[in-house]
Amino acid sequence: MAVSKKVKGSQGNSTESKTSPLTTWGTRLALLLIFVATCGWLDNIKSRWYVFDPTSLHELAKDAIAASPNDTAGMISHIVTNLTATYPSTQIQINTDSNEWVFNNAGGAMGAMYIIHASITEYLIIFGTPLGTEGHTGLHTADDYFHILVGEQWAFKPGALEMERYPPGSQHFLPRFTAKQYKMHEGCFALEYARGWIPLMLPFGFADTITSTLDIPTFYNTARVTAREMIKNLLVGKI
């Protein structure tokens, strides 16, 4: 009889200790709302971590074209030299190794890029190809500014019956959550600047490599350089 009572008592305690489904889902909903609210708050304040200015970069691109006409390497050198002179290393980290190029396959387009800067909220690269390429811009959480240095870029979005043309010295602005088809003609290179949540752009940048080209060395080098630059910037307080 005593044993029976003990078993009963233990069953009662077990029942009482169980969490009801309503409490479980209420907790999950509360955590989700906190997460969404935090993301919204961070999105609203992310501009405080921006260092580069699109207008200044556009002027820099035009200055580089004027300083080194028909010399892409000279334009890149002009841009990097200007950036390192303008922004101290205690404020932002610039990758000055202009020989550090990697292939980039994204949205069906292929070219090569030199990562000048990469942080959580900004990236600045030189992107292009001497052969020409065409593809999808991707749908991103960041605003994207394409400053054409040499060659020409064409673009269009659904519903447009005429293409957009971007010659050297022009800026192609792609607001976040906007997608287009684009084409870079032979010998087209651009200074590309993105501001927003850069890590959320990385899946688009890696997808073609993982699912199509299987170019593991390129995947490794892209991830290595991007991570290295982001960490270097975090160490100086640049988010």
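A: A residue counts as buried when its relative accessible area is under 20%, and as exposed when that area is over 50%. The model is a predicted one.

With that cut-off, Asn233 is buried because its relative accessible area is 0%. Asn233 belongs to helix H6, which covers residues 216-235. A polar atom of the Asn233 side chain lies 3.1 Å from the backbone oxygen of Ala118. Beyond the neighbours within four places in sequence, the contacts of Asn233 are Ile92, Gln93, His117, Ala118, Ser119 and Lys238.

Next, the sheet. Strand E2 consists of residues 109-118, and the open sheet to which E2 belongs has 6 strands. Their order is E1-E2-E3-E10-E5-E8, with antiparallel pairing. At the edges are strand E1 (101-106) and strand E8 (171-174), each of which pairs on one side only. Direction ignored, neighbouring strands of this sheet are turned by 30° against each other on average.

In general, strands of a sheet pair through backbone hydrogen bonds, in either a parallel or an antiparallel way. Here, E2 and strand E3 (residues 122-129) are joined by 6 bridges in the antiparallel sense. Within this pairing, Ile115 has Ile125 in E3 as its bridge partner.

Two helices pack on the sheet. Helix H3, residues 54-67, touches E3, strand E5 (142-150), E8 and strand E10 (188-196). The direction of H3 makes about 15° with that of E5. Helix H4, residues 72-86, also packs on the sheet and touches E1, E2, E3, E5 and E10. For H4 the angle is given against E2, and the two directions make about 25°.

The loop between H3 and H4 contains Asn70. Phi of Asn70 is positive, near 60°, and the residue is not a glycine. Asn70 has a relative accessible area of 81%, so Asn70 is exposed.

A second residue of this kind is Leu214, which is not a glycine and has a positive phi of about 55°. Leu214 sits in the loop between helix H5 (202-213) and H6. The relative accessibility of Leu214 is 56%, and therefore Leu214 counts as exposed.

Leu214 is exposed at 56%, whereas Asn233 is buried at 0%.

Key
Residues are numbered from 1 along each chain as its sequence is written. This is a predicted model: local features need pLDDT of at least 70, side-chain atom pairs count only at pLDDT 80 or more; totals for chains, interfaces and linings use all residues. Side-chain values use heavy atoms; hydrogens and water are left out. Helices (H or I, at least four residues) and strands (E, at least two) are DSSP runs, numbered from the N terminus. Buried means under 20% relative accessible area, exposed over 50%, partly exposed in between (1.4 Å probe, protein chains only). A polar contact is a pair of N or O atoms within 3.5 Å; within protein, one must be able to donate a hydrogen and the other to accept it, and residues adjacent in sequence count only if both atoms are side-chain atoms. Contact means heavy atoms within 4.5 Å. Two strands pair if DSSP finds at least two bridges between them. Axes are lines fitted to C-alpha atoms, for helices over the stretch in contact, and angles run from 0 to 180 degrees between N-to-C directions.
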